[in-house]
Amino acid sequence: MDFELKINGVTHSVAVQPDMPLLWILRDILGLTGTKYGCGVAQCGACTVHMDGNPVRSCLLTVTDAAGHDITTIEAIEHTEIGSKVQQAWLDEEVIQCGYCQSGQIMAATALLQKIAHPTDKEIDNAMAGNICRCGTYVRIRKAIHRASSHDN
């Protein structure tokens with residue numbers, strides 16, 4: 001079947017099965033490899049993208065469910081005011097170790113800051129709870145989110 005997907009502001013027509021996960025369309029068909037495969041069961045957060053501004057797991061989101069929505073991936077998040085602040089804060093706080101989970105972490109953090117401009121530690125922990133960092137950089141992630149939410153960055 002043919003589906004139209006609006007990804008990072010561009011409409012793409014893809015001919016795929018209706019149950020194909022968005023993750024594989026992004027990576028294998030469109031070549032947007034910043035979104036990572038982690039667990040395949042929506043538990044680790046590595047595949048997080050935004051659908052209409054909300055963080056979703058693309059490994060289980062089917063093309064049928066994604067069609068008709070605005071999808072934003074890590075490749076375009078720097079073009080948003082909050083996304084660019086989050087990415088810069090990630091660099092400033094040296095969050096990244098292995099880097100594998102970071103696109104999903106950044107997408108979740110950006111979605112949080114779009115909803116809550118100055119989150120508390122508890123709000124950060126709740127919003128980021130579904131994103132696993134095997135390197136354990138959670139303290140730096142929280143610090144980077146606070147940095148991105150401050151007025152003086």
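The radius of gyration of the protein is 15 Å, which agrees with the value near 15 Å that a compact globule of 153 residues would have; this radius is taken over C-alpha atoms, and the globule rule is 2.2 Å times the number of residues to the power 0.38. The model is predicted: local features need pLDDT of at least 70, side-chain atom pairs count only at pLDDT 80 or more, and totals for chains, interfaces and linings use all residues. Residues are numbered from 1 along each chain as its sequence is written, and side-chain values use heavy atoms, with hydrogens and water left out.

**Overall form**

- The C-alpha trace spans about 45 × 30 × 25 Å along its principal axes.
- The protein contains seven helices and five strands, where helices (H or I, at least four residues) and strands (E, at least two) are DSSP runs numbered from the N terminus.
- Their order along the sequence is β-β-α-β-β-α-β-α-α-α-α-α.
- Of the 153 residues, 41% count as buried (buried means under 20% relative accessible area, exposed over 50%, partly exposed in between, with a 1.4 Å probe and protein chains only).
- Taking contacts (heavy atoms within 4.5 Å) between residues at least 6 apart in sequence, 56% join residues at least 24 apart.

**Surface and charge**

- The accessible surface is about 7,700 Å², and 51% of this area belongs to carbon and sulfur atoms; areas come from the Shrake-Rupley method with a 1.4 Å probe, and for residues only the protein chains shown count as cover.
- There are 12 positive and 17 negative side chains, with the centres of the two sets 8 Å apart.
- In this count Lys and Arg are positive and Asp and Glu negative, while His and the chain ends are not counted; each charge is placed at NZ of Lys, CZ of Arg, CG of Asp or CD of Glu.

**Helix α1**

- Helix α1 covers residues 22-29, and its buried residues are Leu22, Leu23, Ile25 and Leu26.
- An α-helix has 3.6 residues a turn, so residues three or four places apart point the same way.
- The buried residues of α1 pack against the strands β1 (2-7), β2 (10-15), β3 (48-51) and β5 (70-72), and against helix α2 (63-66).
- Gly31, with a positive phi near 75°, follows α1.

**Salt bridges**

- The structure has seven salt bridges, each a side-chain nitrogen of Lys or Arg within 4 Å of a carboxyl oxygen of Asp or Glu.
- Arg147 and Asp92 form one of them, at 3.6 Å from N to O.
- This pair links distant parts of the chain, with Arg147 in helix α7 (residues 138-149) and Asp92 in helix α4 (residues 81-92), 55 residues apart.
- Both partners are partly exposed, Arg147 at 34% relative accessible area and Asp92 at 39%.
- Arg147 also meets Glu93 in a salt bridge, at 2.6 Å from N to O.
- Here the link runs from helix α7 to the loop between α4 and α5 (102-115), where Glu93 lies, 54 residues from Arg147.
- Glu93 is buried, with 11% relative accessible area.
- Another salt bridge joins the side chains of Arg142 and Asp125, at 3.0 Å from N to O.
- Arg142 lies in helix α7 and Asp125 in helix α6 (residues 121-128), so this pair ties together parts 17 residues apart in sequence.
- Arg142 is partly exposed at 27% relative accessibility, as is Asp125 at 37%.
- Through shared partners, salt bridges join Asp92, Glu93, Lys143 and Arg147 into one network.
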